[in-house]
Amino acid sequence: MSGRGKMANVAKKVSWAGKDEEPRPGETTPLINGSPTAAHTQTNFFRIQRLITVNLDDDDPTHEQDRVSAAGVPKEIPRTEKLLSLKYESLDYDNSENQLFMEEERRISKIGFHVLEIKRWIVCCLIGIFTGLIACIIDIVVELLADKKYQIIKENIDKSTESGGLSISLVLWASLNAAFVMIGSFLVAFIEPAAAGSGIPQIKCYLNGVKVPHVVRLKTLVVKVLGVIFSVVGGLAVGKEGPMIHSGAVIAAGISQGRSSTLKRDFKIFEYFRRDTEKRDFVSAGTAAGVSAAFGAPVGGVLFSLEEGASFWNQMLTWRIFFASMISTFTLNFVLSIYRGKPGDLSSPGLINFGQFQSEAAQYNWFEIPVFICVGAIGGILGAVFNRLNYCLTMFRIRYIHRPCLQVIEAMVVGAVTATVSFVMIYATYTSDCQPVGEDPIKYPLQLFCPDGEYNAIATTFFNTPEKSVRSLFHDSPGSYNPLTLGLFTLSNFFLACWTYGLAVSSGIFIPSLLIGAAWGRLFGIFLSKISSGSTWADPGKYALMGAAAQLGGIVRMTLSLTVIIMEATGNVTYGLPIMLVLMTAKIFGDYWIEGLYDIHIKLQSVPFLGWEPPEKSHTLTAREVMSYPVTCFKRVEKVGRIVDLLSDTTTNHNGFPVVDENHEPEYDNVGRLCGLILRSQLIVLLKHKVFVERANSNLTQRKLQLKDFRDAYPRFPPIQSIHVSQDERHCTVDLTEFINPTPYSVPGEASLPRVFRLFRTLGLRHLVICDGSNGVIGIVTRKDLARYRIHKGQLEELEMAHT
């Protein structure tokens, strides 16, 4: 077969299932870009189809039978990573350069642009200050509540050890855990589900260009902060560092708009920034400030925002984000120094500080590099196992534990089980894990059945917040932990953390991952020390650090940012190369088996997420084959009645409409020559203010619409159902010339899918118009049209579309 014939065959295989079939009775029109009023016959392109897998190396035409469509849309579709949800909208990162925008830009003087730049720096400063303050509140409240809880439990255990009846202590511990977790889970499950988890997958989606409902609301921030406090105090295998990233993003989104839609307060400031383009940049700064507050790593925060989220980057943005990160770190450090009675002592820059490795044994030799690579491989494999187990558990939750009451009950059960496992491990290992009380102060040295002057070492890891336990595993002297106890601790925490991530609670995976990795890394160091006859190079603390990096890298698959975060948190540049090798190896080994945890949860939410690169083997697809058609278009001067009818029609819920030349005679496959693009939100504002040609020509006073009117309605534009249009007004017309974007991005139908993909990814597009040789509109491409193609096991998949 010739190359051209093979490509044509491939294109035919991957095209929409049912695109060439006749519509069946009772089927509706397309949900994205199909017009129900089109004169010609339409096909239901967005009917739920079976997954289409295309082997690009197979010319067998019998695969055409895979394109048979389902008889109808099922009432309830179980959510899997093989679905793409239609409920997610895209963000308008591309500015609409209409006449209003251009006039405003021309009116702004050179001084005005400098003032805007100063305002951007002020906003970044405020983002850093408020993110640091939120981190202080979380840290102080968690410390106070956790201290009180562990003090009560310790006193009860000490009393029960003398008099017997340790079962009462177990019940007390489990009850306290369940009570705290119940409060945190109730807030998430019943008040704001968007506050569940760490929030990092949602922020990644937002910065990628997807509008996730409620992700940057004030209510989400309040529930996130309260929820993470009760989750950590409740003893769950979670950390408070991950949610700080989400909190910083919400703070940035709120401050940059100068108002609160939740509180219905408008402070009349920063009005220029009320658009998706500016808001995205500030959310990137908030994300970095959250990382900086969590780990005391301002450079790591900038790199995290770049590596994990931002779809747009430039030099000035980098500088502003770094400024926000530095302010966040300084604010947290300064406030905590006052709280701890040491004003001006800025030695604790983040919520967690790993401490410096300064001993001679902590240095590494060249012959240890293969050992570090081995540690990275172990972390990658364990991370892949963790992610696979969590994936199966999350699928079970989606199908069977989707009611809020069941979610709260599950969280309480996990809290009680965590306390029970901790208690059983302390009780079972007291004879083999007694250590003498040294010079280092231990807050709650639990003696249990140990002799006088000794304490149960494993109990210190359970009677501390996870952050302090990680630091203990890094810096405690060799011989502080029994290998058997450490192994059991690793195993129990591995499964508890896997069970916990995905609960209806605010939680992070960073600290649990570091704790698991530090435990098995220290165990690995103990093993090396024994086989090397106690050589000083095999320091358990050093390998605890490498294990922590490997485990976290194996789960979340971060490389560049995580390397810098760990280096900044330890204050040791010497470990830069080993940490980099460990993280790279962990990512390579982990990616071979399964994706990173955040990417898994993004797919399970059926989000139309666009990766950095287009799918492999997609060059054989063209824009004409992936576009949605027919397209609903408007004329420059359009009737109000038609606009209202199209916006009100539930089958035409698309958000971008090409505007075509009414004097142009459409050819056989287009609807007119492209003149511009107008958004649904803009049309709603025009209808709300009744910007009709007839009103302007009459004696009625008609105020000229300005960009401020559109910004005041942003981001919660009113639904079309709330706009009242009388019967007489339906016969009026609207002149769209002043409001359309006259230079929308468009490509010919022969453009390859990778070219279209890169345009979307680099420019942050929401709509891309497909034109023929005479600039006539023949189709339109949206994010969902691109996100539905994915490589799986070396083959190109076409995902199903559903209202999940």
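Arg120 is buried, with a relative accessible area of 13%. In this predicted model, the residue forms a salt bridge with Glu117, and the closest N and O atoms of the pair are 3.2 Å apart. Both residues belong to helix H3, where a spacing of three residues places them about one turn of the helix apart. Glu117 has a relative accessibility of 23% and therefore counts as partly exposed, since the cut-off for a buried residue is under 20%.

**Salt bridges**

A search of the whole structure finds 29 salt bridges. Three of them are set out below.

| Asp92 and Arg766 | 2.9 Å | Asp92, 19% | Arg766, 11% |

The salt bridge between Arg766 and Asp92, whose closest N and O atoms are 2.9 Å apart, links distant parts of the chain. Arg766 lies in the loop between H26 and S15, and Asp92 in the loop between strand S3 (89-90) and helix H2 (99-107), so that 674 residues separate the two. Arg766 counts as buried because its relative accessibility is 11%, and the cut-off is under 20%. Asp92, at 19%, also counts as buried.

**The sheet S14-S15-S16**

Three strands form an open sheet in the order S14-S15-S16, with mixed pairing. Strand S14 (746-748) and strand S16 (777-782) are the edge strands, each pairing on one side only. From one strand to the next, the twist averages 30°. S14 and strand S15 (residues 767-771) run parallel and are joined by three bridges. Within this region, Pro748 stands opposite Cys771 in S15. Helix H26 (residues 753-763) lies across S14, S15 and S16, and runs at about 150° to S15.

In soluble globular proteins, nonpolar side chains tend to be buried together. The largest nonpolar core here has 120 residues, of which Phe474, Ile509 and Phe510 touch the most other members. Helix H3 (residues 110-163) gives the most to this core, contributing 14 residues.

Which residues does Ile509 contact, leaving aside its neighbours within four places in sequence? The contacts of Ile509 are Phe386, Tyr501, Leu552, Ile555, Val556, Leu597 and Tyr598. A second, separate core comprises 30 residues, including Val659, Leu683, Val685 and Ile723.

**Confidence of the model**

The protein averages a pLDDT of 81, and 83% of the residues score at least 70. Over residues 1-77, however, the pLDDT is below 50. Beyond near neighbours in sequence, this stretch has 153 contacts in the model.

Note on methods. Residues are numbered from 1 along each chain as its sequence is written. This is a predicted model: local features need pLDDT of at least 70, side-chain atom pairs count only at pLDDT 80 or more; totals for chains, interfaces and linings use all residues. Side-chain values use heavy atoms; hydrogens and water are left out. Two strands pair if DSSP finds at least two bridges between them. Helices (H or I, at least four residues) and strands (E, at least two) are DSSP runs, numbered from the N terminus. Axes are lines fitted to C-alpha atoms, for helices over the stretch in contact, and angles run from 0 to 180 degrees between N-to-C directions. Contact means heavy atoms within 4.5 Å. pLDDT is the predictor's confidence in each residue, from 0 to 100. A nonpolar core is a set of buried Ala, Val, Leu, Ile, Met, Phe, Trp, Tyr and Cys residues joined through side-chain atoms within 4.5 Å. Buried means under 20% relative accessible area, exposed over 50%, partly exposed in between (1.4 Å probe, protein chains only). A salt bridge is a side-chain nitrogen of Lys or Arg within 4 Å of a carboxyl oxygen of Asp or Glu.
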